[in-house]
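Hi everyone, thanks for coming. I'd like to take a few minutes to walk you through a model on the screen, so please have a look at it while I talk.

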Amino acid sequence: MIKKIALLALYVGAEIVIYFGYNDQQASFHWFTHFFVGAIVALIGLTVWKITTHRSVVWPLGWVYLAHLVAMFPDFLYNFGHIAHREWMDIFLGHVSSHYIPGRNWTWYVLFMITFAIYLRVSTRENNRHITQEKINTQT
Amino acid sequence: MNKPYAIGLWLGVGIILAGLQFIAQASYSRQDNPDQANQRPGFVTTHPEKAPIIDGVSYTLRPTLIIFDRNPIPTKIIQNQAKQTLISDRATIILVTKSDIQQENLSGVKKILNDRDQAIARKFNFDTPTDGGYPVGYAVVDSKGFLRYRTLDPSYSQHRDGIETILKDVK
């Protein structure tokens, strides 16, 4: 339990560091876009993994964070390499075009909540499946 | 993970993220672009249009940085002298403003244009700021006279690195 809390704190702290990096540049809007897009991709991947393998991932938030870093990678190039954005940078989870979705970040928010709900639903189902399996094993 | 825990987690995360988005939106300035996607996108267009013609301004030889401001104060323009020099090494800087300002107060600025009737700003077709007033931001025109970048940016004097990145990309 302590390990879980420590990992959660680590993840939240790491996201806060990125958020304030964007906020210092008056660019918090961009943090939300890349966070939501990264999280959606990670949650879809984690859900598919659970459904197909019936196994859990050790640290799901680590994958969410990694996907967030991929989505925002061109901003590292912009800030530290002085490389302006180009169309090809959409390979980083739609870094350029993801900003222009109708409804902007609120649309990404809704999509994130939907994928998060599906992930949680699959997780609880898998959890129940394991409990049932364990009961059967102990009975036999 | 049981069902009540999952529902609580989903609701908690949803409320926190919605709240953070509302807080972020409330922090935007009245001079900001109401559509934040179009503010400092960092994206230099590869399908540019010809830049609007301004009397007395030639876009040839080197890129032109055209700053639009309501009441530019000299300290705002020259907040960081070293960076200012880097920018003026890369581009011709022109300041377009509604207010009266003296050329000698502005380091690195080649020309100041008065735009009381907002005609120049209209030609550049900036998005309307939240408060509906004169745009504060900048446009970058390349040495062939194409408009490559245009953004509202009330804090442009703090974003010199970003301006330099755009200028580096525009020949």
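Let's begin with H5 of chain B, which is mostly covered: seven of its ten residues are buried. Buried here means under 20% relative accessible area, exposed means over 50%, and partly exposed is in between, with a 1.4 Å probe and protein chains only. The buried ones are B:Arg160, B:Gly162, B:Ile163, B:Glu164, B:Thr165, B:Ile166 and B:Leu167. When I say helix or strand, I mean a DSSP run, H or I of at least four residues for helices and E of at least two for strands, numbered from the N terminus.

A quick word on the ground rules. This is a predicted model, in which local features need pLDDT of at least 70 and side-chain atom pairs count only at pLDDT 80 or more, while totals for chains, interfaces and linings use all residues. Residues are numbered from 1 along each chain as its sequence is written, chains are lettered from A and ligands numbered from 1 in the order in which they are written, and side-chain values use heavy atoms, with hydrogens and water left out.

Now, chain A. Its secondary structure comes to four helices and zero strands, so to speak in DSSP runs, and from the N terminus the order is α-α-α-α. The C-alpha atoms fill a box of roughly 65 × 35 × 25 Å along the principal axes. Of the 140 residues in chain A, 41% count as buried. The accessible surface of chain A is about 7,900 Å², and 71% of that belongs to carbon and sulfur atoms; these areas come from the Shrake-Rupley method with a 1.4 Å probe, and for residues only the protein chains shown count as cover.

How do the two chains meet? Here 39 residues of chain B are in contact with 33 residues of chain A, contact meaning heavy atoms within 4.5 Å. The area buried between the chains is about 3,200 Å², with carbon and sulfur atoms giving 57%. Buried area is the accessible area, again with a 1.4 Å probe, that two parts lose on being put together, summed over both. On the chain B side, B:Met1, B:Trp10 and B:Gln21 lose the most area to chain A, together 21% of what that side buries.

The rule finds two salt bridges across this interface. A salt bridge is a side-chain nitrogen of Lys or Arg within 4 Å of a carboxyl oxygen of Asp or Glu. In one salt bridge, the side chains of B:Asp169 and A:Arg86 meet at 2.8 Å, N to O. Helix H1 (3-26) and helix H5 (160-169) of chain B each supply at least two residues of the side that touches chain A. The largest share of that side, 14 residues, comes from H1 of chain B.

Which salt bridges lie within the chains? In chain B, the side chains of B:Arg70 and B:Asp131 meet in one, at 2.8 Å, N to O. That pair links distant parts of the chain, 61 residues apart: B:Arg70 sits in the loop between S2 and helix H2 (74-77), and B:Asp131 in the loop between H4 and strand S5 (137-141). B:Arg70 is buried, because its relative accessible area is 16%, whereas B:Asp131 is partly exposed at 31%. B:Asp142 and B:Arg148 also form a salt bridge, at 3.3 Å, N to O.

Over in chain A, A:Arg129 pairs with A:Glu126, the closest N and O atoms being 4.0 Å apart. Both lie in helix H4 of chain A, three residues apart, about one turn of the helix. An α-helix has 3.6 residues a turn, so residues three or four places apart point the same way. A:Arg129 counts as partly exposed at 40% relative accessibility, and A:Glu126 as buried at 5%. A:Arg125 joins these two in a network of salt bridges.

Last, some backbone angles. Most residues other than glycine have a negative phi. A:His82, in the loop between helix H3 (60-81) and helix H4 (104-139) of chain A, has a positive phi near 55°. B:Gln118 has a positive phi too, of about 65°, and is found in the loop between strand S4 (109-114) and helix H4 (119-124) of chain B.

That's my tour, thank you!
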